[in-house]
Amino acid sequence: MTPTRLSRRECLKRLGALSALGSAAPFALNLAGLGAASAQSAPADYRAIVCLFMFGGNDHHNMIMPYDQTAYDTYAAARGGARSVGGIAYDRAQLTATKFSPLTPQAIGSEFAFCPSMAALHSLYGAGKLAVLPNIGPLITPTTRTTFNAGSVPLPPKLFSHNDQQSVWQAFASEGVKLGWGGRMGDLLASSNSQSIFTAISASGNAVFLAGQSIFQYQVGTSGATAINGITGSSMFGLSGTANTAAKQALTELSTDSINASTLAVEADHADVVERSVGAQSTVTAALASVPTSTSGITLPTNLANNRLAQQLQVVARLIGARATTGAKRQVFFVSIGGFDTHDNEITTLEDNANGALGLHGQVSRCMDYFYNATVALGIQNNVTLFTASDFGRTLTSNGDGSDHGWGAHHFVLGGAVKGGDMYGTMPDVRLHTTANPNLQDSGSGRLIPTTSVDSLAVTLARWFGVSGSDFGLIAPNIANFTNDLGFMS
Amino acid sequence: MKTILSIGLLLMLAACGGGGGGKSGGDAAAPACTYSASVEVDVTDSNAHPTDAEASRFLHQASFGPSSASITALKKGSFPTWLARQMEQPQVSHLDCVKMEQARLGAVDQTHFLQSFWGQAITGRDQLRQRVTFALSQILVVSFEGVLSEDVRSVASYYDMLGKNAFGNYRNLLQDVSMHPAMGAYLSHLRNQKENSSGRVPDENYAREVMQLFSIGLYQLNNDGTLKLDGNGKPIETYTNADVSGLAKVFTGFSHGGADTTNNRFWGSVRDPNYNVIPMQGYPQYHSVSAKTFLGVTIPASGTATTANIASELKTALDTLFNHPNVGPFIGKQLIQRLVKSNPSAAYVNRVATAFNTGYTALAPTIGSGQRGDMRATIAAILLDAEARPASLPSNEGKLREPVVRLANWARAFDVASSTGLWRIGNTDSTTNSLGQSAMRSPSVFNYYRPGYVPPNTQTATLGMVSPEMQITHETSVAGYLNYMQSTVQNGVGPTVSGARENRTNYVNELAVADDSTALINRVDLLLTRGAMKALTRTSIKNAVDAVAIPTGSTSSASSAANLARQRRVWLTVFLTMASPDYLVQK
């Protein structure tokens with residue numbers, strides 16, 4: 001089949017989606033209903049899932065640490081010692097204010113600590129809104145050092161590679177994969193929404209996490225939708241009257257290719273993006289106007305006013321607050337923060353400094369705290385769940401002032417429906433494998449072999465989202481090999 | 001209205017080291033860098049000459065876009081001669097331009113590199129070098145985003161290094177990239193220390209990325225770029241994590257170059273004035289002496305490290321990478337994607353990889369040294385290949401134009417001049433009101449987009465194809481681009497100097513034919529869409545242009561209104577063309 005604009009439109013017509021399509025109406029707004037593969041047992045209320053992606057590979061070993069003296073000493077030794085002696089481990093005294101004892105017993109100790117820059121998350125944990133998922137990562141089947149070294153189990157593709165593991169976390173396959181698990185959830189539940197374009201929304205550029213089969217991810221700027229001046233403005237190049245009308249018509253029909261001039265796939269694909277941009281802009285603008293940044297609880301605190309992650313979470317909160325305008329009942333969002341590839345300067349990169357500059361961990365903590373409180377202000381906190389993700393964890397070993405690419409990592413889940421204040425999964429030994437003292441979750445240099453699969457996280461969230469049990473395999477391809485409920489959602 | 005000096009005159013006035021320009025007002029008295037002469041390179045030969053349209057298409061692939069003058073010049077010769085003459089053109093140093101600005105202003109920042117980048121991209125006589133260097137900068141990535149944010153001299157020098165090697169040998173390029181202090185800082189092998197007894201291990205960053213991104217990639221490839229498969233039909237990984245750890249030891253003990261190898265110099269408390277420009281050097285006291293095993297090679301343990309064996313180990317490592325059969329198809333395919341098309345056929349990749357492997361292409365037998373890794377032969381094989389200029393277009397042709405290239409296309413097509421010679425176009429990162437891309441500002445070492453990016457839920461994906469540039473294309477960016485170009489086409493770009501934007505055009509040649517909409521569209525079509533604009537697109541633009549009536553009459557007000565109408569016709573034609581799929585996808 002030669003790819004043409006006609007073929008796409010014929011496809012839509014065949015699906016009966018074109019009936020309401022006026023010449024100016026973007027097709028994507030009329031796709032609602034295409035994605036409902038099977039009847040979903042979705043609760044009637046609103047629900048949203050937010051993926052907060054930490055690009056670069058977060059050093060989880062310095063995010064949640066053991067606090068019991070023996071376990072702490074093991075951790076510190078493996079990281080070249082505490083920072084007071086030149087290593088990259090925290091000093092134990094730095095952790096006292098942010099320590100916690102999980103309800104679920106852990107073999108390696110009874111006390112753990114958040115890094116000091118994450119005091120806000122420590123508080124949310126204490127308030128029962130935040131759960132910790134230790135040593136989670138991509139797996140095909142349960143794996144240990146023994147089976148890893150023997151090559152006797154299938155492994156996720158291209159381990160330790162940034163771009164590929166970003167993709168595996170978001171979509172269970174390496175770079176080039178077409179469907180993400182956020183997008184798949186959207187496909188299954190977009191029929192709940194009156195406009196499918198508001199099902200999967202990124203505030204941070206294209207993310208394969210949100211790629212669906214029938215739904216399209218929509219990218220929103222942190223200050224809202226950008227209008228195309230030549231189309232929405234009063235005059236192009238100072239023209240007026242019929243000349244101005246003709247100019248606008250030409251710009252619209254060329255950029256969205258409503259005249260079907262495209263002969264190549266990528267020409268049509270680009271025009272489709274413009275068409276969605278034009279189609280969604282007025283709705284997004286109206287929606288965001290109903291939840292202005294001056295709204296109590298939505299306004300960014302001073303120290304986050306220029307923070308890119310905070311700005312992304314703010315526009316997400318505003319869109320959630322405006323769900324009546326967008327007609328959304330089920331939404332999946334993507335936000336991100338970069339800079340986590342701490343081969344170097346790990347301490348100064350991750351940790352807040354004494355002058356008040358926020359490190360990456362401090363930014364994540366404060367931004368999540370802001371976002372949770374924004375959902376409280378909107379009265380929707382029990383219907384919004386945020387989880388963190390990253391390329392991979394990092395090595396336990398130090399290269400002097402940083403660490404290298406790893407695999408499993410600790411992550412968070414946050415929201416009013418989260419059974420917080422606990423750890424779900426197994427906290428691994430924080431030490432390097434030796435023959436005399438084996439550590440079966442160390443694949444080498446403290447690159448943790450995960451004990452919880454991303455599949456289990458995906459399905460636990462999907463279940464809460466309203467995806468029916470028969471569709472879990474569509475969300476997470478390896479779920480048959482792992483638990484389908486980690487238990488952290490109420 | 002202010003008169004814009006011709007580029008040639010401006011450059012005469014503001015030659016490198018030649019003192020002030022002749023303009024009055026604003027920054028016009030500033031010394032500006034000489035980017036190049038405005039005269040086109042003479043490529044006259046006795047071969048068959050390309051048509052206007054063929055020349056335009058070639059120049060869209062091989063340069064930052066055609067101008068009337070560059071098409072005219074190319075038509076006197078042939079593509080092979082053009083390539084040969086281009087490869088002889090001297091390089092203009094971005095670092096020198098940055099230094100001139102530093103001397104003038106006292107301090108420089110990223111925008112001063114970008115001035116030089118835009119000045120050269122738009123006016124450089126060595127257009128092939130300009131375009132290939134930009135391509136290389138997207139494969140061998142360092143970026144101002146991150147640790148280099150303040151280090152404009154180092155990044156400018158890195159870009160110069162890519163430009164120097166653009167017509168050299170990939171082995172030297174790999175050497176210079178690996179030892180450049182900008183790369184050392186960016187991928188953290190600068191001050192990377194050997195392992196020690198307290199469990200410290202070498203930083204693996206550079207060892208991993210030099211394999212994954214700069215030389216061999218993740219999977220073994222056939223010479224045509226397709227995956228080699230094992231007995232079970234599975235792709236074969238080129239390296240393991242153990243190879244990364246082994247190679248990481250080679251990249252220990254490097255820090256800034258200088259007169260000695262003392263600890264203080266290693267750590268930076270003593271440093272050469274040009275420390276961030278000159279190649280890094282080995283410091284034996286920080287270099288691993290244990291055995292280093294990678295990719296089937298083992299460098300045995302040595303008793304003590306010396307600068308000589310650090311260099312020899314580096315040579316072993318880079319020779320091993322360079323001689324891996326993946327390099328030709330891996331790098332060749334990416335260069336095709338930057339210059340010509342997103343989805344080259346396996347046969348095309350095979351031909352280009354063979355030119356890389358042998359340093360020879362029959363398409364231009366005198367270009368190329370006969371040595372493996374020859375960039376001249378590789379570039380000639382890419383640009384002269386039949387697949388780079390097919391007569392008709394199957395569905396897998398073309399590439400979405402890179403946003404930075406789009407602005408350069410406009411500037412070159414319409415003879416944009418910088419009133420100050422400074423080309424202060426600046427950072428074009430914004431997705432809401434600019435291009436969503438800037439030279440040397442990639443968000444990570446993975447560039448703005450990946451060579452294997454598949455835009456989800458698209459016809460491209462259905463066809464099993466990739467479209468790298470679609471990775472930075474979304475609902476915001478498309479609006480940002482259109483808004484930026486609408487403003488730029490009308491007013492120019494950059495700061496306002498004496499009431500007009502610094503970098504702009506009066507569209508003299510377009511205004512001359514603006515009364516005849518067909519002639520006007522033909523002209524813009526040749527420059528922006530290589531004379532291949534589709535009938536539907538042409539009709540749409542013509543309807544808009546014809547709707548702008550040109551008043552008649554001999555009074556001065558009628559004449560002025562007519563001139564304004566002509567301007568509007570030109571702006572519309574240029575902007576609407578640049579908004580159309582015909583233009584946005586190069587083919």
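Axes in these legends are lines fitted to C-alpha atoms, for helices over the stretch in contact, and angles run from 0 to 180 degrees between N-to-C directions. The model is predicted, with local features needing pLDDT of at least 70 and side-chain atom pairs counting only at pLDDT 80 or more, while totals for chains, interfaces and linings use all residues. Residues are numbered from 1 along each chain as its sequence is written, and chains are lettered from A and ligands numbered from 1 in the order in which they are written.

**View 1. Helices α22(B) and α23(B) pack against each other.** Helices (H or I, at least four residues) are DSSP runs, numbered from the N terminus. The axes of α22 (residues 517-529) and α23 of chain B lie 10 Å apart and form an angle of about 130°, which makes α22(B) oblique to α23(B), a word for angles that are not under 35 degrees (roughly parallel), over 145 (roughly antiparallel) or 65 to 115 (roughly perpendicular). S517(B), L520(B) and I521(B) of α22(B) meet R538(B), I541(B), K542(B), V545(B) and D546(B) of α23(B), where two residues are in contact if their C-beta atoms, placed from the backbone, lie within 7 Å.

**View 2. Chain B meets chain A.** In this interface, 69 residues of chain B are in contact with 70 residues of chain A. On the side of chain B that touches chain A, at least two residues each come from α11 (205-212), α19 (459-462), α20 (475-491), α23 (535-546), α24 (556-579) and α25 (581-584), and α20(B) gives the most, with nine residues.

**View 3. Helix α20(B) and the glycine that follows.** The 17 residues of α20(B) reach 25 Å from the first C-alpha to the last, close to the 24 Å expected at 1.5 Å a residue, the expected span being 1.5 Å times one less than the number of residues. Of these 17 residues, 13 are buried, so α20(B) is largely enclosed by the rest of the structure; a residue is buried if 20 or more other C-beta atoms, placed from the backbone, lie within 10 Å of its own. Just after α20(B), G492(B) takes a positive phi of about 90°.

View 4. Not counting residues up to four places away in sequence, A62(B) touches L128(B), R131(B) and L383(B). The C-alpha atoms of A62(B) and L128(B) are separated by 5.5 Å, although these residues are 66 residues apart along the chain.

Note on methods:
A residue is buried if 20 or more other C-beta atoms lie within 10 Å of its own, exposed if 12 or fewer, and partly exposed in between; C-beta atoms are placed from the backbone.
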